[in-house]
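Please keep the sequence and the structure in view while going through the numbered points.

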Amino acid sequence: MNRPFRPRTGVDPVLRGRARRRALQALYAWQISGGNAQQVIAQFAHEQAHEVADLEYFEDLVRGVLAERVGLDAALAPHLDRGMEEVDPIERAVLRLAAYELLHRPDVPYRVVLNEAIEIAKRFGSEHGHTYVNGVLDRASGEWRAVEVQAGRNART
């Protein structure tokens with residue numbers, strides 16, 4: 001019997017990936033219709049129950065992004081070439097989601113955050129939106145997680 005890969009942390013990357021995709025959809029819906037975190041989570045709870053995902057992580061992402069949105073937007077601003085409200089809504093939600101993970105979830109490696117954000121942007125965003133997301137997050141992670149980024153570069157050389 002094949003078992004899914006689980007790193008030593010006990011985190012299932014497939015379930016986390018599903019939680020991120022679901023969180024992106026919830027954040028996008030929030031950007032369009034508003035509401036509070038509990039309303040957004042409740043709106044997606046039914047769908048969440050049908051697609052096995054890390055529900056706890058999903059809720060942390062949605063609650064965290066909504067609670068920290070102003071700070072996340074301010075932290076992202078120096079890395080953007082336009083105002084946050086001018087960024088495509090899907091890419092905006094992806095950037096906020098990834099910024100939350102980079103700034104508030106040090107347990108998640110920055111490469112995982114970047115890779116997941118790029119994949120989600122490819123799947124849901126505009127044709128070249130993932131390249132924009134990649135550029136913004138690459139610059140941001142170099143500042144926010146400088147030690148981790150440098151350690152990764154040193155390990156590759």
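Predicted model: local features only at pLDDT ≥ 70, side-chain atom pairs only at ≥ 80, totals over all residues.

1. A helix, as the word is used here, is a DSSP run of type H or I with at least four residues, and helices are numbered from the N terminus. By that definition, Arg96 belongs to helix 4.

2. On the overall fold: the protein chain contains seven helices and zero strands. Followed along the sequence, the pattern reads α-α-α-α-α-α-α. Among contacts between residues at least 6 apart in sequence, 72% join residues at least 24 apart.

3. On surface and interior: of the 157 residues in the protein chain, 43% are buried. The chain exposes about 8,700 Å², and carbon and sulfur atoms supply 52% of that area.

4. On the nonpolar core: the largest one has 46 residues, and those touching the most other members are Phe58, Val62, Leu76, Leu80, Val94, Leu95 and Leu137. At least two residues of this core come from each of helix 1 (13-33), helix 2 (37-50), helix 3 (55-76), helix 4 (89-104), helix 5 (110-124) and helix 6 (129-144).

5. Is Arg96 buried or exposed? Its relative accessibility is 2%, and Arg96 therefore counts as buried, since the cut-off for buried is under 20%. Leaving aside residues up to four places away in sequence, Arg96 touches Trp30, Gln31, Val65, Arg69, Leu72, Asp73, Leu76, Met84 and Glu85. With one of these, Asp73, the side chain of Arg96 forms a polar contact of 2.8 Å. Met84 is 12 residues from Arg96 in sequence, and their C-alpha atoms are 9.8 Å apart in space.

6. Gln31 deserves a point of its own. This residue lies in helix 1, and Gln31 is classed as buried because its relative accessible area is 19%, where the limit is under 20%. The side chains of Gln31 and Arg96 are joined by a polar contact of 3.1 Å. The side chain of Gln31 also reaches the backbone oxygen of Pro89, at 2.9 Å. Beyond residues up to four places away in sequence, Gln31 touches Pro89, Arg92, Ala93 and Arg96.

7. Which residue has its ring under the charged end of Arg16? The ring belongs to Tyr57, and the charged end of Arg16 is 3.7 Å from its centre. Likewise, Arg82 lies over the face of Tyr132, at 4.4 Å from the ring centre. As for aromatic pairs, the structure holds zero.

Notes. Residues numbered from 1 in each chain as written. Heavy atoms only, no water. Phe/Tyr/Trp six-rings, centres within 6.5 Å; stacked < 30°, edge-to-face > 60°. Lys NZ or Arg CZ within 6 Å of the ring centre and 35° of its normal. Buried < 20%, exposed > 50% of the residue type's maximum accessible area, 1.4 Å probe, protein only. Contact = heavy atoms within 4.5 Å. Areas by Shrake-Rupley, 256 points an atom, 1.4 Å probe, with all protein chains shown as cover. Core = buried A, V, L, I, M, F, W, Y, C linked by side-chain atoms within 4.5 Å. Polar contact = N/O pair within 3.5 Å; in protein donor to acceptor, adjacent residues only side chain to side chain.
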